[in-house]
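Take a look at the model below. We will walk through its charged pairs and then its helix packing.

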Amino acid sequence: MKDLTPAPSSLDPIEIASRDEISTLQLDRLKWSLRHAYDNVPFYKDSFDAAGLHPDDLQDLSDLAKFPFTTKADLRNNYPFGMFAVPREDVARIHASSGTTGQPTVVGYTDQDLKNWGDVVARSLRASGLQRGDMLHNAYGYGLFTGGLGIHLGADALGLTTVPISGGMTSRQVRLIDDFKPKGITVTPSYALSILDEFHAQGLDPRTSSLEVGIFGAEPWTNAMRLEIEQAFDMHAVDIYGLSEVMGPGVACECVETKDGLHIWEDHFYPEVINPETGQPVAEGEQGELVFTSLTKEAFPIIRYRTRDLTRLLAGTARTMRRMEKITGRSDDMIILRGVNVFPTQIEEALMTVAALAPHFQIELSRPDRMDKLRVLCECAHASMSPDARTAAAHALSSQIKQAVGISVQVDVADAGQVPRSEGKAVRIIDNRPKA
């Protein structure tokens with residue numbers, strides 16, 4: 001893989017500012033954001049008043065912990081525009097979640113919000129190893145989902161040549177990569193595996209493609225998956241983080257020269273990590289639930305938003321701004337099986353250790369009697385696997401899961417291509433347990 005480290009002269013000064021400079025900027029912007037939310041969003045005025053708090057009570061960054069949280073339920077209860085802090089006619093763009101599991105969450109952006117969003121995504125793409133004039137194959141979905149258009153904003157701001165292919169049409173994805181020769185690709189890690197399968201189906205060697213860096217996000221993925229993708233494509237695999245409620249992609253991103261956690265762009269987003277059970281801040285470096293407060297958003301300020309993502313905060317390395325560890329899972333995606341906490345990423349890590357199996361999987365939960373049962377559906381890496389080889393691979397994976405997680409699971413090895421593929425975020429868990 002090529003060295004894609006960006007030139008120090010290309011960085012924004014704030015990326016390498018002192019911690020004192022960053023903290024001073026954060027405090028000023030946090031005071032503005034709290035006041036902006038309180039004065040213009042009835043939900044926040046009612047929430048602060050009920051807690052006996054006022055924006056002027058924030059005198060230090062640590063005072064933020066006194067203020068109430070915002071949750072996804074709060075956003076849904078104010079559907080569609082109740083959380084907007086500017087008149088609707090000043091909103092330049094609206095995005096929304098799919099709403100497949102409840103009322104959609106709606107977010108808005110002013111012109112300045114869109115500029116800031118483009119700037120932090122451009123910063124992320126540059127940190128990943130791209131520079132002005134490079135070509136980017138953008139396979140994130142366009143539309144109400146923030147992924148495709150958010151990345152596109154940053155690509156324009158950085159001066160990239162963007163191929164806005166969106167998701168789907170996997171055979172065409174591979175053809176255009178082969179024909180256009182992009183340097184970078186932005187896509188979910190699960191769909192990257194589908195693209196990898198299509199390379200092989202077309203008789204193309206992905207290691208000889210033009211791709212030098214893949215920027216993956218929108219779902220948790222492991223370092224084992226990183227290694228799999230990097231070896232398959234002979235390219236860097238970099239993690240990017242974001243969520244629509246906070247902005248979209250570009251809230252944080254790994255730096256290609258270190259790939260040791262995602263640097264949070266702290267001049268726009270203030271991070272906290274809390275105990276998900278008590279809501280109290282945890283010690284620096286301790287794992288917990290990630291909470292974000294926006295510092296510059298005009299249309300849709302967000303105060304202490306509980307992301308449900310599990311991580312830890314770490315000191316900066318390639319940049320001064322703090323890092324967040326790769327997301328290990330979500331508190332609301334955690335499976336409690338016979339008293340043991342299980343995350344899909346743990347199954348993924350175990351799967352990656354069994355060379356005879358492809359990196360595609362799905363988890364099925366059932367309750368055939370009084371006990372919950374977990375089944376892992378995966379598939380053989382090669383169509384020519386014998387029944388005995390499949391049995392051995394299934395045993396190897398179940399043993400690895402038992403050793404790593406401490407639970408017994410059923411493993412079924414299907415033919416290649418039988419695990420459902422995703423063109424966006426992968427559906428990892430199918431819960432067939434009876435509803436209470």
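Are aspartate 239 and lysine 326 buried or exposed? Aspartate 239 is buried, and lysine 326 is buried too. Buried means under 20% relative accessible area, exposed means over 50%, and partly exposed lies in between (1.4 Å probe, protein chains only).

A word on the source. This is a predicted model, where local features need pLDDT of at least 70, side-chain atom pairs count only at pLDDT 80 or more, and totals for chains, interfaces and linings use all residues. Residues are numbered from 1 along each chain as its sequence is written, and side-chain values use heavy atoms, with hydrogens and water left out.

Now the charged pairs. A salt bridge is a side-chain nitrogen of Lys or Arg within 4 Å of a carboxyl oxygen of Asp or Glu. The structure holds 37 salt bridges. Aspartate 239 and lysine 326 form one, with their closest N and O atoms 3.0 Å apart. Aspartate 239 sits in strand β7 and lysine 326 in the loop between β14 and β15, so the pair ties together parts 87 residues apart in sequence. Helices (H or I, at least four residues) and strands (E, at least two) are DSSP runs, numbered from the N terminus.

Arginine 428 and glutamate 348 also meet in a salt bridge, at 3.9 Å from N to O. Both residues, arginine 428 and glutamate 348, are buried.

Arginine 35 pairs with aspartate 56 in a salt bridge, with the closest N and O atoms 3.4 Å apart. Arginine 35 is partly exposed at 31% relative accessibility. Aspartate 56 is partly exposed as well, at 47%.

Aspartate 74 is another case. It lies in helix α3. Aspartate 74 is buried yet has no salt bridge. The nearest side chain of opposite charge, arginine 306, is 9.3 Å away; here Lys and Arg count as positive and Asp and Glu as negative, while His and the chain ends are not counted.

Next, find helix α6, residues 170-180. Thr170, Gln173, Val174, Leu176 and Ile177 are buried there. They cover an arc of only 165° around the axis, which puts them on the same side of α6. The arc is that of the directions from the helix axis to the C-beta atoms. The buried residues of α6 pack against β3, β5 and α7, where contact means heavy atoms within 4.5 Å. Just after α6, lysine 181 takes a positive phi of about 65°.
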